[in-house]
Amino acid sequence: MGSQGGFGQSKEFLDLIKSIGEARSKAEEDRIVLREIETLKARLSDPNTPKFKLKEYLIRLLYVEMLGHDASFGYIHAVKMTHDDNLLLKRTGYLTVTLFLNEDHDLIILIVNTIQKDLKSDNYLVVCAALNAVCRLINEETIPAVLPQVVELLGHQKEAVRKKAVMALHRFSQRSPGSVSHLLSNFRKRLCDNDPGVMGATLCPLFDLITLDVDKYKDLVVSFVNILKQVAERRLPKSYDYHQMPAPFIQIKLLKILAVLGSGDKKASEQMYTILGDIMRKGDSTSNIGNAILYECICCVSSLHPNTKLLEAAADAISKFLKSDSHNLKYLGIAALSRLIKISPDIAEQHQLAVIDCLEDPDDTLKRKTFELLYKMTKSSNVEVIVDRMIEYMISISDNHYKTEIASRCVELAEQFAPSNQWFIQTMNKVFEHAGDLVNAKVAHNLMRLIAEGFGEDDDTADSQLRSSAVESYLRIMGEPKLPSAFLQVICWVLGEYGTADGKYSASYITGKLCDVAEAHSADDTVKAYAVTALLKIYSFEIAAARTVDILSECQSLIEELSASNSTDLQQRAYELQAILNVDAHAVEKIMPINSTCDDIEIDKNLAFLDGYVQQSLENGAEPYIPESERSGMLSISSFMTHEDHEPSTHTLRFEAYELPKPSLPPNAPPSSTELVPVTELSYVADIFQPTTSLPSASDSAASELKLRLDGVQKKWGRPTYSSPAPPTTSSNDTVKIPTETAQRDTVSNLNSKARDVSYDSRKKQVVEISPEKQKLAASLFGGASKSEGRRSSKPHNHASDKSHATKAMATNTAAEKPTQPPPDLLDMGEPSGGAPSVDPFKELDGLLDFTADTTAPVISSGEASDYSSLFADMSLNVPNQSGVDTNGNGLEGIRVEDSTPQLQKGPNLKEALGKDARVRQMGVTPSGQNPNLFKDLLS
């Protein structure tokens, strides 16, 4: 083991720490740690290891865990050590457990009882250790197990216990607010605790509660002001001082609370003015903690109702920050100035030269913060200088994320404060050219919208100038070698809409430029689509103006190429262009009106223009239109799907009894009199499967009808034998699932859909000579009128919907007697047997849809069930229906099919096929597989 080293640890442990610190590479460090892991595994598994050695091993495991290696093999030993009666070992166990485990770890359940026992201990050190573990390890499910004991400890005689109990209760309110909502009054009581530590710990939960509901705690303003006054007057013990500042962290938390309570409340703000003025006057700017308190005071002043003296004091403090040689203090001054300009924009003008120095500082963080300040203080008089500076900075940086942010800010400022149309277009061109595809797609659409709407209110001249400037600038830029796709889309759109509007450029010139763009970006389908649409607009405008359309050869080649494109979108655009070239001028003018981008489109949802045609059709005997919501029966297939899509996921296991089976209908009962058993869980089944009347067919002349039963049927698998007639049985809950290709795809898609410092006062004042360039820049940034401008924003919206499906259980009760003679072979597709008459399968629809019909359904294996897809796909085969088999696929319940068994087929029976087709069309079912999910609930 080695001799003892410092702090009671073994020399081996000290050598481990030394070797890790002296490792020259990560690989060497990993070798040391892996060797240590093997050593610890061997020693922890020894049951005779002394407890004091076990404590050291757990501490060594902490090093293993901190260095990124797995130490889970020792977690259980840490949990066991929390059960030890020795105080040192117990505290070590709690320390390692809180560092090893998280609140959702499986081993947490093993220490809950230990925590409950230790919270009742007479030794306050044990209680404190348990409370530390409570704050780290207790999750939402285990809060009720320890909550009563934690609340009881709020009145403990030891201040350390009370402080940790407040912290634990705060943790509970963060994890599960509902579990401690009735205990929030305890925070108010602990605010009056005699110990400053307990009072300071209470400020944190109170700040969270005040942030959620300010009005509920307005009555505490006087209390917070008095506490802050006592702290500032050094009435707390010296032990709370930090760098000669009295309890600075308590002061900072109190200032944050007062800022929230005084926001928008003049009466509450007036109660805070005196203490804030005293703190700012006594503030010590020679230390970081003193500057931190000053900065928090400035933030508080910016949140309160404005006060002239406090604003002047805040401006003086900001001046000290900005004139400091420390980049940290300059950053602090820029951040504080950003808050104050919201209240008093003139304050920034007092520090304009300091702001310019920060703008030219090599510190990138400080420069970015300065740009945020300039963004907030932008107005019509300085927008050109600020946006130009932002674009220059955007060109110089390589951080794509921040470049995107700068580009969006430039666009926003240009939209709000643009002094002229030409400047706006030039600025947008620069942003697109240098930011590339990093520019948000919305920016391109906003640019097109602004060009279409124009700037002038009922001033067509200003709008025309804007569009002409855009066309001229884009024609110059099109020669650039690399342009982003979004910018090219804007160029194509503008040229198509306004390229020939002012008559300065001919249609042939514009179309030639557009063809060049499409050819230069042949791999970008979106750009080509915009180019083709622009060609269509230009040719339409020419035709509508009764001018001769001269199609260039390159344009003709482009149209022919896109007509054979793999993209259906490009094909459609090319065909539309070819079609519109052959339309007369009057029709083209109606189809593509000039400058109609911003026109409102009136939509007649009732389609009133069809009223005459509808009335005439009704007079001629046509059926009236039935709204989709009012349809019923087999025609309402779409309502079936819609109901299924939007049905809430409330279907669970049903425990009510099944309904009694209905008596079987006599054989001669007409099919139209059948009624379905209503099922309350899925109402759409009764809506869809309404009784319908079957058309007469060739099989209707049969002398008798047969029920589909399998007893005594010749088997088509294995040896050709007859199954013995089964005795009458009770209920059968077997259900048959016939998967089709479409149903399988639906299932997979559903699973996939379910399947992230230098003091300013101590520095010697020097007279600095200001260059004329800086003076000119300052006059550009801070000169002129200061007007508050509004800003716009937009939010996207997303919507998602859930889909649920319920499966129904079907119970059948068989009580039929044995037939006097064997029934015909239902699966015999060979020569027709003598006396078995054929029946109309749709006359048995009540038996198929009735969930209590008498059936016996053998279980179908997954391999055999897949054979039914071939039955649905081959419904057009003309198989004689001599044995009563439902060839439409509705009566296949309980039948197995073996592909390996050869089956003979007879020639076509035209009359029977036509009869079946008529019946199928009436039922709304297409046997060829276009509606395979119609009887999904019946067969699943």
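Predicted model: local features only at pLDDT ≥ 70, side-chain atom pairs only at ≥ 80, totals over all residues.
**Close-up 1. The side chains of Glu36 and Arg60 meet in a polar contact of 2.7 Å.** Glu36 has a relative accessible area of 8%, so it counts as buried, the cut-off being under 20%. Setting aside neighbours within four places in sequence, Glu36 is in contact with Leu16, Arg60 and Val64.

**Close-up 2. Helix α17 runs through residues 308–322.** From its first C-alpha to its last, this helix of 15 residues reaches 21 Å, close to the 21 Å expected at 1.5 Å a residue.

**Close-up 3. The buried residues of α17 pack against several other helices.** Buried positions in α17 include Leu310, Leu311, Ala314, Ile318 and Phe321; Ser319 is buried too. The packing partners are α15 (273–282), α16 (288–303), α18 (327–340), α19 (347–350) and α20 (352–359).

**Close-up 4. Phe224 belongs to the largest nonpolar core.** That core holds 204 residues, and Ile115, Phe172 and Phe224 touch the most other members. Beyond neighbours within four places in sequence, Phe224 is in contact with Leu191, Leu203, Leu206 and Ile210, as well as Leu254, Ile257, Leu258 and Leu261. In soluble globular proteins, nonpolar side chains tend to be buried together.

Notes:
Residues numbered from 1 in each chain as written. Heavy atoms only, no water. Buried < 20%, exposed > 50% of the residue type's maximum accessible area, 1.4 Å probe, protein only. Polar contact = N/O pair within 3.5 Å; in protein donor to acceptor, adjacent residues only side chain to side chain. Contact = heavy atoms within 4.5 Å. Helix = DSSP H or I, 4+ residues; strand = E, 2+ residues; numbered from the N terminus. Expected span 1.5 Å × (residues − 1). Core = buried A, V, L, I, M, F, W, Y, C linked by side-chain atoms within 4.5 Å.
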